[in-house]
Amino acid sequence: GGGVVAYSEAQVDASKTSVQLNEKDCKKKRVVVLGTGWAGISFLKDLDVSAYDVQVVSPRNYFAFTPLLPSVTCGTVEARSIVEPVRNIIKKRNGEIQFWEAECMKIDAANKKLLCRYTVENNLVGNDEFSLEYDYLVIAVGAQVNTFNTPGVLENCHFLKEVEDAQKIRRSVIDCFEKAVLPGLSEEERRINLHFVIVGGGPTGVEFAAELHDFVQEDLVNLYPSVKDLVKITVIQSGDHILNMFDERISSFAEQKFGRDGIEVQTGSRVISVSDKEITMKLKAKGEICSVPHGLVVWSTGVETRPFVKDFMGQIGQANRRVLATDEWLRVKGCEDVYALGDCATINQRKVMEDIAAIFKAADKDNSGFLTVEEFKDVIDDILERYPQVEHYLKSKHLRDVTDLMKDSEGNDIDKVDIEGFKLALCQADSQVKNLPATAQVAAQQGAYLSKCFNRKYKRKDNPEGPRRFRGSGRHQFHPFQYVLLVVSYARGEQAAAELPGDWVSVGRSTQWLWYSQTSELAYSGVGGIRLDSKIHFRKRFKPHLMQQQRT
């Protein structure tokens, strides 16, 4: 009897505790995260989930280590080595994160609601659509391939955005070689089947071209010796150089390396159509239109905004923009409590000239109408943090300090400046405003930054840590997001090219190890669960005849 009573009392206490916990959870602000890519997973990894009701919506139930997708296309790394199930990642958070495998179809900004749909085609019963309410929304859905409405691209080109894309390319490359060695084909037909065309000279296109060249030279020539001299790889770029978003030294290194390796680079060429047999392009220099036969085309020309994000942009007054705009704290402009990061958004950096009068007034403590060097120094740190383009401008002019800008019209140092002289000193700084590249590094850093802001949201409400508010009083609640530059573009085999902080560029064999160390750091700091296959370190490859389709 005593045992029954004790059990009964224990059950009553447990039910009370459960009710109390549920009431406590109801008081938590709900954070809904859209997407399980670099930005979303990095945000979830560091977020204090005990302070929020966290829910994740994504049609992809795994995280993919996208920097290694070009390596998957040629077997340098197996697909299973670069993916991690989302539920394994959130399981480490003691079940405090809920995950829904669905796609967001619409954001109702006015009512803070999401319309979602389970998109996997099957005959399972139940409603596929559901809605979610949110207090804070984090949009981290990435972007989709931009075809620029070029005829034939969707039907006849491969893409390289998802793991499935890499596996499809991998199979198609082998199919091209198998078809080329069949008896009864002319040499011209074999050449066409082995002509691999990459449209787009950005990081993804260049890395895939390099991986494909290595794959052919190190493996396929030994397996298909009869056609080893018929393989051709062509990179088509509409701009004047490949990798033109990086330092020109990196572009030059990649172009020279490709030239020595026999990879043809056609710059100044715009693709106007793609068929199953040939690709048609217009040469800008001559204005001529030419067609080139191909065996396989990989389209890697950039990204565009997803449809439901475009619809959301129309609701908040950003209909005329190409990409969702945020401020320097990753808050969506025109919509409260919504954040966007990664490839789906761009930071709209405020111009220093928009606030030049307010900056001068804040620095001119004695209201003399002139700014002394000492007064300038008092606001330098806040200026550099709030307007990072000023620091970029100093570096471009090889100036060590902002005070070096205080010169007269003849270039002589001066002790003080008026408002017009101050404007003259900083008028060129906004020319250094640049959009961040759509890379995994940027997305991962933004996710980690935003999680820290959420973790300290209430602590910093009354104790702000950010730079001075030049328009108004006090300081900003948080430091603005600042991207730490470490851009590495893999060029070929055991050589790479890297753009480093401080206007440094590294090229050559040793830089390959820097590339490996960077991918390892992203893997372990970004999600903490990715298994890097040892084959990446030794560049061992799969045997084509033993290749089996991997299911993610």
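This is a predicted model: local features need pLDDT of at least 70, side-chain atom pairs count only at pLDDT 80 or more; totals for chains, interfaces and linings use all residues.
**View 1. Ring pairs across the fold.** The structure holds 13 aromatic pairs, counted when rings of Phe, Tyr and Trp (its six-membered ring) have centres within 6.5 Å, with planes under 30 degrees apart called stacked, over 60 edge-to-face and the rest tilted. Take phenylalanine 43 and phenylalanine 454: their ring centres are 5.4 Å apart and their planes are at 85 degrees, so this pair is edge-to-face. Phenylalanine 43 belongs to helix H2 (residues 38-46) and phenylalanine 454 to helix H15 (residues 440-455), so the contact ties together parts 411 residues apart in sequence. Helices (H or I, at least four residues) and strands (E, at least two) are DSSP runs, numbered from the N terminus. Phenylalanine 43 is buried at a relative accessible area of 0%, and phenylalanine 454 is buried at 2%. For the labels, buried means under 20% relative accessible area, exposed over 50% and partly exposed in between (1.4 Å probe, protein chains only).

Residues are numbered from 1 along each chain as its sequence is written, and side-chain values use heavy atoms, with hydrogens and water left out.

View 2. How far apart are the ring centres of tyrosine 52 and tyrosine 136? They are 6.4 Å apart with planes at 80 degrees, so this pair is edge-to-face. Tyrosine 52 is in strand E2 (residues 52-58) and tyrosine 136 in strand E9 (residues 136-139), so the pair ties together parts 84 residues apart in sequence. Both tyrosines are buried. Ring pairs join Phe43, Tyr52, Tyr136, Tyr339 and Phe454 into a cluster.

**View 3. Charges over rings.** Lysine 457 lies over the face of phenylalanine 454, 4.9 Å from the ring centre. Elsewhere, the charged end of arginine 386 sits over the ring of tyrosine 387, at 5.5 Å from its centre. The test here is NZ of Lys or CZ of Arg within 6 Å of the ring centre and within 35 degrees of the ring normal.

View 4. A search of the whole structure turns up 0 disulfides, a disulfide being a pair of cysteine sulfur atoms within 2.5 Å. For cysteine 104, the nearest cysteine sulfur is that of cysteine 116, 4.9 Å away. Cysteine 104 is buried, at 6% relative accessible area, whereas cysteine 290 is partly exposed at 26%.

**View 5. Positive phi in two loops.** Leucine 330 is not a glycine, yet its phi is positive at about 70 degrees. Leucine 330 is found in the loop between strand E19 (324-326) and strand E20 (338-340), and is buried at 0% relative accessibility. Histidine 398 also has a positive phi, near 60 degrees. Its loop runs between helix H13 (389-396) and strand E23 (416-417), and histidine 398 is exposed at 67%.

**View 6. The buried side of H10.** Which residues of helix H10 (residues 307-315) are buried? They are Phe308, Val309, Phe312 and Met313. These cover an arc of only 150 degrees around the axis, which puts them on the same side of H10; the arc is taken from the directions from the helix axis to the C-beta atoms. An α-helix has 3.6 residues a turn, so residues three or four places apart point the same way. The buried residues of H10 pack against strand E1 (29-34), strand E6 (103-108), E9, E19 and E20, where contact means heavy atoms within 4.5 Å. Just after H10, glycine 317 takes a positive phi of about 85 degrees.
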